[in-house]
Amino acid sequence: MNPLLRTPLLDGLELKNPVMPASGTYGAALEGKEFGDVRELGAIVTKTVTPKPRKGNPPPRLAETPCGMLNSIGLENPGLETFLAEVLPRALELGPPVILNLGGESLEEFEWGVERVQETGVVALEINLSCPNVQGGALPFATDPEACLRIAQSLSNRSELPLFFKLSPNTHLLCEVAMAAVEGGAQGLTLINTLLGMAVDWRLGRPRIARGVAGLSGPAIKPVALRCIYQVRQVVEVPILGVGGIQSVEDVCEFLAAGASAVQVGTQHFREPLAGVRLARELGELCAQEGFSVQDLQNRLGKDRKRNRDH
Ligand code: SIN
């Protein structure tokens, strides 16, 4: 392990580097291995798995945009039981610790899912409260601090595994929701899920995505992601997994400096399947060259702000 890249997240959860795929952009890393050595990833984060199988939304459900893409997949997945039996064992064999991203349509589904995945070999759960492509985009748990508090309390009472709550930028109450998640027992947060967006085919007179609105990801949302992490870092101390448009090692450093504890690489994986592996390697090279560690990089803006306040 490169000591400069050591990424302690929680007691008992330390990654060898802070780079992992964002949920939904890398399956369970099984295809990534066809392209190169995914063992170099700090962790694997799975596509959202829900208690019941889901077919997802009708096509077209992807559209490219300037500096990004829109998706409205609708959490297509084989369901938790099939995933645990057929996919997870192969993902665990790859080497990096596996974080399972869990979705659900109701509190009861999340509760059942959290209980079901204990002792399956995953190191943590990412609780997806923020998919904009289901339930009419209502995001009940990610926009209402009270609802978030209740689900966080209920799920943390049922889990020995650390829970990272994946939150949405599509609310003006992000900091309140983040604080509620932590008060309820979330050990970490993932920021951010996609921004609501739309693409229009005016010639055909219809949206480019069948469902109309969709989630925007890619470099276009990087400034929004940095802003969310920076603001939430002011109000919580738990680890934040930062995600939103990361393409370069400079981007990784910006996210860490803004307050992320580790980063997730998403949309870039669609055109560069080894983007996460490359960024882990480049981060190691940069740290060695500049003589700093990942921990030195973390929350640099927070330290600057404190220094400014103190003077
Ligand atoms: C989807 O499957 O629709 C995307 C997942 C997400 O945005 O959380």
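Begin by selecting Asn-128 together with the ligand: a polar side-chain atom of Asn-128 lies 2.8 Å from an oxygen atom of the ligand, a polar contact in the sense of a pair of N or O atoms within 3.5 Å. The model is predicted, so local features are described only at pLDDT of at least 70 and side-chain atom pairs only at pLDDT 80 or more, whereas totals for chains, interfaces and linings use all residues. Residues are numbered from 1 along each chain as its sequence is written, and side-chain values use heavy atoms, with hydrogens and water left out.

A selection of residues with a heavy atom within 4 Å of the ligand includes Lys-47, Asn-71, Cys-131 and Asn-133.

Five of the five residues of E7 are buried, so the strand is largely enclosed by the rest of the structure; buried means under 20% relative accessible area, with a 1.4 Å probe and protein chains only. Val-98, Leu-100 and Leu-102 cover one side, and Ile-99 and Asn-101 the other.

Now show the neighbouring strands, where pairing requires at least two DSSP bridges. Strand E4, residues 44-45, runs parallel to E7 and is joined to it by two bridges, with Ile-44 opposite Val-98. Strand E8, residues 124-128, is also parallel to E7, through four bridges, and Glu-126 in E8 is the bridge partner of Asn-101.

The rings of Phe-110 and Phe-141 have centres 6.1 Å apart and planes at 85°, so the pair is edge-to-face (centres within 6.5 Å, planes over 60 degrees apart). Phe-110 lies in H2 and Phe-141 in helix H3, residues 140-143, so the pair ties together parts that are 31 residues apart in sequence. Both Phe-110 and Phe-141 are buried.

Finish at helix H7, residues 249-258: eight of its 10 residues are buried, so H7 is largely enclosed by the rest of the structure. Gly-259, which follows H7, has a positive phi near 130°.

Definitions and conventions:
Buried means under 20% relative accessible area, exposed over 50%, partly exposed in between (1.4 Å probe, protein chains only). A polar contact is a pair of N or O atoms within 3.5 Å; within protein, one must be able to donate a hydrogen and the other to accept it, and residues adjacent in sequence count only if both atoms are side-chain atoms. Rings of Phe, Tyr and Trp (its six-membered ring) pair if their centres lie within 6.5 Å; planes under 30 degrees apart count as stacked, over 60 as edge-to-face and the rest as tilted.
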